[in-house]
Structure formats: structure tokens, C-alpha cells
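Dear colleague,

I am passing on the structure below, together with some notes on its salt bridges. Please keep it open beside you while you read.

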Amino acid sequence: MVTYSETSYSTDSLIESEMDASKPCRVLLVDDHDIMRQGLRMLLEKASHVTISGEARNGAEAVELALQLPHDLVVMDFQMPEMDGVQACQKIMEANSADRVLIISAHKEEMLVRRILASGAKGFISKDSDLHEFLAAIQCIMSGKIYLSQNFAQLEGPIKADLNRRVSRRKKISVDLSEREVQIVQLISDGLTSQEIGEHFGLSPRTVEAHRRNVMKKLGLNSTAEIVKFCMKLGYVH
């Protein structure tokens with residue numbers, strides 16, 4: 001869990017250098033555990049230039065509130081019922097590509113971090129991070145940068161380079177494939193089954209299979225293996 005221990009540094013100084021003091025950072029908190037969400041609120045309220053614009057208990061509520069409430073940053077847990085943080089982030093970004101999302105998770109797998117950033121999130125932080133790193137992550141994101149937890153600092157370059165390749169390749173095929181089809185192609189190349197992809201997007205396996213067939217028809221492919229090979233050529237996977 002995020003550590004809320006008191007330290008000798010000033011919490012205000014961590015963020016005020018990159019933020020307009022006359023315009024506080026409005027944060028939307030999302031976590032299905034009340035204690036965790038209350039802890040995050042207490043943490044953020046230590047900084048005078050942060051205000052809480054709203055709270056949500058799951059990904060579905062987060063998407064709804066993100067469309068209704070004014071905010072500058074969504075701080076969201078990854079593992080939640082109904083809709084996880086990645087799914088919620090994708091829907092939020094579909095509605096507003098300029099939105100900022102920071103995802104928190106106790107899991108530290110590299111593939112998860114890649115999924116989080118591929119969803120459009122501006123950062124990932126581990127739940128065992130301390131208060132200093134948490135506020136530093138907010139400062140980094142609000143200054144227009146991407147933040148990765150210190151556990152993945154060494155992967156920042158490769159992950160960002162991979163994302164840039166995906167963006168550039170996506171532009172080349174955007175005329176042929178829809179955004180959802182591109183997302184499904186990426187997950188197919190990551191080895192996910194139709195059942196897993198369906199759970200990821202809240203779709204039935206049958207709908208995923210329909211998307212898969214449409215992709216193969218549009219691109220002139222005949223099998224999943226050819227889809228993976230196609231993704232490798234475009235730089236989606238290595």
C-alpha cells in the first residue's frame with residue numbers, strides 16, 4: 001500500500017513549482033476500497049495546491065464522473081469490479097484524449113505497465129510507493145510528462161519508444177481499422193484469448209471473434225498467426 005508516513009520535506013514544494021498556485025490541481029479519486037480512497041484523500045489534502053473534485057468506487061463510476069465533473073487528473077486503482085483501471089482509462093481517453101490518468105496498482109508486471117500506458121494513462125505508480133514519490137508523480141504528469149514508478153525507471157525509455165512506434169504505426173492503418181479493432185489486434189498479438197479480450201473491453205467472446213474476422217477480412221489475413229506476424233511488422237510487438 002502507499003505509505004502515508006510523515007517526512008521532513010514540504011508536500012507543497014513537490015508540486016507547486018510546476019503548477020499555477022492560483023489554479024489548484026483538481027483530482028478525481030477512484031478506488032473500490034473506502035479505506036484506500038480515504039487514505040489517498042488525506043494524502044492529497046496535505047498539498048495546498050490539490051483539491052478533490054470527486055470520488056468513484058469503480059471504473060464505471062469513474063468514466064461517468066470524468067464526463068460530468070471538472071478535473072485535471074484522475075487517480076485510479078487498477079484492480080476494481082465492473083471495469084478495471086485500464087478499461088476505464090480507455091473509455092475516458094476515448095471521450096477526451098487530453099485527459100490525464102494516473103493508475104495505481106499492487107501488481108508490478110512489465111506487461112501490466114505496458115497495458116496501462118497503451119490505454120492512454122499518463123503514469124503508473126506502485127502501491128508500495130511512499131508519499132514523496134506519489135506527489136512527484138502528480139507533479140510530473142501535470143507538467144506534461146509520463147511518470148513510471150521507480151521500480152520501472154529502467155524501462156521508461158524502451159516502453160516509451162514502443163508506444164511511439166505503436167502510435168506511428170496506428171496512423172498508417174487507421175484508415176483500414178477502427179480504434180477498437182486496433183486495440184483488439186494489439187491484445188491478440190499479446191497472446192490474449194477471445195474470452196480474455198472480451199473481459200478486457202466488456203464484450204462477449206462472440207463479439208470479439210466478429211472483430212477478429214473483420215480485421216482479417218480488411219487486412220487480407222487468414223489466421224491468428226498472420227495477425228501476430230502483421231503486428232510484428234508494424235512494430236506493435238517484438
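Arginine 37 and aspartate 34 both sit in helix α2 (residues 34–44), three residues apart, which is about one turn of the helix; helices here are DSSP runs of H or I with at least four residues, strands are runs of E with at least two, and both are numbered from the N terminus. Their side chains meet in a salt bridge at 2.8 Å, N to O, the term being used for a side-chain nitrogen of Lys or Arg within 4 Å of a carboxyl oxygen of Asp or Glu. Arginine 37 is buried at 6% relative accessibility, whereas aspartate 34 is partly exposed at 37% (buried is under 20% relative accessible area, exposed over 50%, partly exposed in between, with a 1.4 Å probe and protein chains only).

This is a predicted model, in which local features need pLDDT of at least 70 and side-chain atom pairs count only at pLDDT 80 or more, while totals for chains, interfaces and linings use all residues. Residues are numbered from 1 along each chain as its sequence is written, and side-chain values use heavy atoms, leaving out hydrogens and water.

Aspartate 77 pairs with lysine 127 in a salt bridge whose closest N and O atoms are 3.3 Å apart. Aspartate 77 belongs to strand β3 and lysine 127 to the loop between β5 (123–126) and α6 (131–142), so the pair ties together parts 50 residues apart in sequence. Both aspartate 77 and lysine 127 are buried.

Over the whole structure, the search finds ten salt bridges.

Best regards
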